[in-house]
Amino acid sequence: MAAVLAIQDLVKVYPSGTRAVNGVSLEIQRGEFVVLIGLSGSGKSSLLRCINRLVEPTSGRVVFDGADVTRASRAELRRIRRRIGMVFQQFNLVRRGSVLSNTLAGRLGYRPAWRTILGRPLREDVAAAFENLGRVGIADKAFARADALSGGQQQRVGIARALMQHPDLMLADEPVASLDPATSHSVMKYLEEINKKDGITVICSLHFLSLARRYGTRVIALKAGAVAFDGRPDAIDERRFKEIYGEDAVEVEIGPERSQPQPMSATEAALAALASDPDLGGIADR
Amino acid sequence: MAEYFVARGLPVPAELSQNPLTHWRRLIVIALSLGVVYIGLRITKIDLSSANPEYAAGVIGQLFHWDFSILTPRDEFETFWDTAEGQMIVTIFLGIIATVFAIIVALPLSFLGARNIMTGNVLTGGIYVVVRLVFTIIRSIDVLIVVIIFGVLLGIGSAAGVLALAFHNVGVLGKLYSEAIEGIDPGPLEAITATGANRVQVIWTAVLPQIVNPYISFTIYRLDTNVRLAPILGLVGGGGIGILLFQSVNLLQYGAAGLIIFMIVVTVALMDFASAQIRRRLV
């Protein structure tokens, strides 16, 4: 296995003085499903954005498939970026645009600007867009406005857009943080599928350790911009968890994949009944 | 009020014993305001002794004795376009043409005046500052002053009026357009940049769809304002129905002036209504 991504001594200091990434060195092998975990503000987003230089690193090196990203010229950077797909917490679709045009945007890096201005996508690109929308199960929504879709559907458009790039690497910045648990699993399964079937390396930041354990082949935890843990998902025990998230943290589950009701203890069930009773409304809170 | 602190042996905060109505800062503001009004009245010498209520009442009466002869050509040399309604239509189009000229200049400049487009390096950052400064300077000169200057440069008439209005609106529309760009959701920009698209493609794909509606809304708002301003331009030599109004007042033809004022009021009200309706549907 060859390293698809090598990060050496990466540092990002924002003008405000925040050291978001503080000397991270990593090697990611082709085909891995890497899950980034850590508290809010631990540098996950900054690290992901330094990889494709949406955020300009302060120092250090990022090498993608043998090409030095950090030293690349603007044109070289665009050629590198088009092989790195990215999906975002807020989906980042053009809300007023159609699902199809949002998907086609994934091909922009391969096509000249005049074609964008004339608004004439290549026939093969349109065919590929339908293909990719079909893969994530929303080909029938191709002509709907992006903001008419549900959150989970919008994220699937985001994945289809990234697939249009024929990426070797997929960066996912908290792709399910705005979604409910059931939808989270459906989106994560599409990421799992492109990782397993297409062999696309995935680096995905997540808030829920249960999701990290279920989908990751490797978990990297960040704490104050530095790597606090790097290993197999099942190696994170109670002690490691407290190291990463702090002494007061308690692990919460995002819930099972199928939407079965979770077994509740008798007390919990009683409290839930109290809370939902209109006459006693809110008593459980007090 | 202080019991909470007294009961716990804590120092009572000074804020509790203050009456905000008699706070010294408030008293100073009131005193300063009164001082400004007093000095203003002294130095501006407002003098109502030369007012003539009976004459004024007569003029106001005449303003409502509308002289409908201005609605038809007075002699064989005049055409429809010399009549009051002809000049009203000309005036509306003065406002429209001025808006169009302003759009042509302000539209491309607005991208150079948007902070989120121009950040990156020192050169683009410098261009941003210069463009926004130019917008501000242009806006700070009142339209009527610009018309007077353009009247000197180009001669009294429609050219001075239209170009002066257009000039002023480059400043106004430029600022509004730039702020519309600065107000867009940065998410799609980031996402399209990440696909490897170049700057032109990013603007075309991620910025344009987000600014079309605000642009149309601002443009209609300014079109409305410009048609409203256009009659006044004539008073200082900018062409249109304003000249007719100016002439009839000078010739003491208050019946004609009254009718012209009425026509302007109706036109402006209609523009205002139409503009509000269209913009409401856009949001």
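## Pairing and the four-stranded sheet

Two strands count as paired if DSSP finds at least two bridges between them. By that rule, chain A of this predicted model holds an open sheet of four strands in the order β2-β1-β4-β5, with antiparallel pairing. The edges belong to β2 (19-29) and β5 (67-68) of chain A. Each has a single partner strand, so one side of each is left without a neighbour in the sheet.

Strand β1 (residues 3-13) of chain A pairs with β2(A) over eight bridges, in the antiparallel sense. Within that pairing, Ala6(A) stands opposite Glu27(A) of β2(A). Helix α1 (residues 44-51) of chain A packs on this sheet. The helix touches β1, β2 and β4 (59-64) of chain A, and its direction makes about 60° with that of β2(A).

## Chain A overall

Chain A has 10 helices and 10 strands. Of its 286 residues, 40% are buried. Take the contacts in chain A between residues at least 6 apart in sequence: 69% of them join residues at least 24 apart.

Strand β7 (residues 169-173) of chain A is mostly covered, with five of its five residues buried. In a regular strand, side chains alternate between the two faces of the sheet. Here, Leu169(A), Leu171(A) and Asp173(A) point one way from β7(A). Met170(A) and Ala172(A) point the other way. Both groups are buried.

Strand β6 (residues 84-87) of chain A runs parallel to β7(A), over four bridges. In this pairing Met86(A) has Leu171(A) of β7(A) as its bridge partner. Strand β8 (residues 201-205) of chain A is also parallel to β7(A), joined by five bridges. There Ala172(A) has Cys204(A) of β8(A) as its bridge partner. Between β7(A) and β8(A) the chain crosses through helix α7 (residues 181-197) of chain A, and this β-α-β crossover is right-handed.

## Helix α6(A)

Helix α6 (residues 151-163) of chain A has 13 residues. From first C-alpha to last it reaches 18 Å, close to the 18 Å expected at 1.5 Å a residue. The helix is mostly covered: 12 of its 13 residues are buried.

Those buried residues include Gln153(A), Gln154(A), Gln155(A), Arg156(A) and Arg161(A). Also among them are Val157(A), Ile159(A), Ala160(A), Ala162(A) and Leu163(A). The buried residues of α6(A) pack against β6, α3 (99-104), α5 (123-135), β7 and α7 of chain A.

## Thr70(A)

Thr70(A) sits in the loop between β5 and α2 of chain A. Is this residue buried or partly exposed? A residue needs 20 or more C-beta neighbours within 10 Å to count as buried. Thr70(A) has 19 inside 10 Å, so it counts as partly exposed.

Leaving aside residues up to four places away in sequence, Thr70(A) touches Pro57(A), Arg61(A) and Val62(A). Phe143(A) lies 73 residues from Thr70(A) along the chain, and their C-alpha atoms are separated by 38 Å.

Helix α12 (residues 254-282) of chain B has 29 residues. At 1.5 Å a residue they should span 42 Å, and the end C-alpha atoms are 42 Å apart, which agrees. The buried residues of α12(B) are Tyr254(B), Ala256(B), Ala257(B), Gly258(B), Leu259(B), Ile260(B), Met263(B), Ile264(B) and Thr267(B). Their cover includes α3 (53-63), α4 (84-112), α10 (199-233) and α11 (241-250) of chain B.

In α11(B), the buried residues include Ile241(B), Gly242(B), Ile243(B), Leu244(B), Leu245(B) and Ser248(B). The buried residues of α11(B) pack against α4, α10 and α12 of chain B. After α11(B) comes Leu252(B), whose phi is positive, near 60°.

## Where chain A meets chain B

How many residues does each chain give to the contact? Chain A gives 22 residues and chain B gives 18 residues. On the chain A side, the elements that give two or more residues are α2 (74-81) and α4 (113-118) of chain A. By class, this side has nine nonpolar, eight polar and five charged residues.

Key:
Residues numbered from 1 in each chain as written. Chains lettered and ligands numbered in written order. Predicted model: local features only at pLDDT ≥ 70, side-chain atom pairs only at ≥ 80, totals over all residues. Expected span 1.5 Å × (residues − 1). Contact = placed C-beta atoms within 7 Å. Nonpolar A, V, L, I, M, F, W, Y, C, P; charged D, E, K, R; others polar. Right-handed = clockwise from strand over helix to strand, strands pointing away. Axes fitted to C-alpha atoms, helices over the stretch in contact; angles between N-to-C directions.
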